[in-house]
Amino acid sequence: MSKVRVLVGTRKGAFILTSDGKREKWDISGPHFAGWEIYHMKGSPADTNRIYASQTSGWFGQVVQRSNDGGQTWEPVDNKFAYAHNPGTHQWYDGTPHPWEFKRVWHLEPSLNDPDHVYAGIEDAAIFETKDGGKSWSELPGLREHGTGPKWQPGAGGMCLHTIIVDPRDPNRIYIAISAAGAFRTDDGGNTWKPINQGLYSKYIPDPTAEVGHCVHHIAMHPSRPNTLFMQKHWDVMRTDNAGDQWTKVSGNLPTDFGFVIDVHAHEPETIYVVPIKSDSEHFPLDGKLQVFRSRTGGNEWEPLTKGLPQSDCYVNVLRDAMAVDKLDSCGVYFGTTGGQVYASANAGDTWAPIVRDLPAVLSVEVQTLA
Amino acid sequence: MNSHRIRVELPQHLRTLAGVRGEVSLEVAAPITLRSVLDALEARYPTLRGTIRDHDTLKRRDFLRFFACEEDISHKSPDEPLPEEVTSAKEPLLIIGAIAGG
């Protein structure tokens, strides 16, 4: 019988939640790496027992952990992320030049067919990779050095590369997103990159349609349609059907289109999920009601999903990497909150129930579907 | 070469990361300085590299402090000799995480 394993990164450690295909009863393991911030954990699609975790601390810096047994035991691997060449400067919040400095790993993206090959998105924004299971990391400097890097500025959470998506049909095509620079694409395995922000409109920057400078919060893709991407920007939900060459706003009837997460149903490439957040100055749900919104039409037409979610006095946030889906026949949808709840729906969002209620603030949620 | 047994006390999170309990005992070749002790510590426990000082610049991480014989030596040259009490293992070298928060 199929199983699911939910990998939860929190402000104070990692938790691993497992259940059978019914997704009613859950075993909870953790905290792993107690007391450390776990920005992200993700398993290899090629070997579900191989999991990587980004473990960070304001005191002790960055550690990367690797498990070969589904998260039961862990070993630290290399934690040195040295920028290639002279990294130069990007812009600081006030527009002055600021040197590139490594701060932490935000996202780890194992490649689709090699458990030893992993991409890492870091702050200050850059993409690294390992091809030896984490024994060493090297930058793909073509991203920072393609020309617009000196214009990039940090968002409120830092200048982080937080999204990495590898095209399942062409592993040389990779999409990434940076707050607050925007989205970028490579078609040659990471040697050369270009901004893909045409169609984005950000009224809070000097040139609202600038080539770079957009605060992209997250991007999602369905593997059967790798040219279609869905984006939750700071404000605005967007989609592209030509690999990012042109974006179109699909916020439609959302009550607010500010938010962080976005994801796609495992079997319906036009069914997408967001969690609307009131505003960029009030990072909590509208009217104290936690609502997931689902569109079955690839955007524009949205329905609130509320059954099982708190509908009063709820003032949590759902951060950008804290939603994921499983691949079971009835698609499971999962998200974690800054209040420490992890909610699950075993019926594509129709009804929800908390798996756990009282974890530390959740930073990331990923799901593995196990045979 | 003349070597000394040096006692080092790590903060809890680094003890966990290194997989040790209690104090660490290291054989360190003279001269016994902060730099030589940290070099020996990282050689013995490679997972600690980058967690106490920067990989390349070897600059102390901002929220860590080094104490010897109740004296904060964080801002002294890492090449100054450590006190005799430390080099003779009467006292440990303390690596302390700053207490921050409300």
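Student: Which residues does B:Val37 touch, not counting residues up to four places away in sequence?

Tutor: In this predicted model, B:Val37 touches B:Ile6, B:Val8, B:Leu26, B:Val28, B:Ile32, B:Leu82 and B:Leu93. Two residues are in contact if their C-beta atoms lie within 7 Å, and each of these residues is listed as a contact of B:Val37.

Student: Which way do the residues of strand β27 of chain A point, and are they buried or exposed?

Tutor: A:Val333 and A:Phe335 point one way, A:Tyr334 and A:Gly336 point the other way, and all are buried. A residue is buried if 20 or more other C-beta atoms lie within 10 Å of its own. In a regular strand the side chains alternate between the two faces of the sheet.

Student: How do you know that β27(A) pairs with strand β28 of chain A?

Tutor: Pairing requires at least two bridges, and β27(A) and β28(A) have 4, in the antiparallel sense. Therefore they count as paired strands. One bridge sets A:Phe335 against A:Tyr343. The hairpin of these strands has 5 residues between them, and A:Gly340 takes a positive phi near 90° there.

Student: What joins β27(A) to strand β26 of chain A?

Tutor: There are 3 bridges, and the two strands run antiparallel. A:Val325 stands opposite A:Val333.

Student: Why are β2 and β4 of chain B said to stand at the edges?

Tutor: The open sheet has 5 strands in the order β2-β1-β5-β3-β4, with mixed pairing. β2 and β4 each have a single partner strand, so one side of each is left without a neighbour in the sheet. The partner of β2(B) is β1(B), joined to it antiparallel by 6 bridges, and B:Arg7 stands opposite B:Ser25.

Student: Which strands does helix α2 of chain B touch as it packs on the sheet?

Tutor: Helix α2 touches β1, β2, β3 and β5 of chain B, and its direction makes about 120° with that of β2(B).

Student: How many residues does each chain give to the contact between chains A and B?

Tutor: Chain B gives 12 residues and chain A gives 13. Helix α1 of chain B supplies the largest share of the chain B side, 3 residues. By class, that side has 4 nonpolar, 6 polar and 2 charged residues.

Note on methods: Residues numbered from 1 in each chain as written. Chains lettered and ligands numbered in written order. Predicted model: local features only at pLDDT ≥ 70, side-chain atom pairs only at ≥ 80, totals over all residues. Buried ≥ 20, exposed ≤ 12 C-beta atoms within 10 Å, placed from the backbone. Axes fitted to C-alpha atoms, helices over the stretch in contact; angles between N-to-C directions. Nonpolar A, V, L, I, M, F, W, Y, C, P; charged D, E, K, R; others polar.
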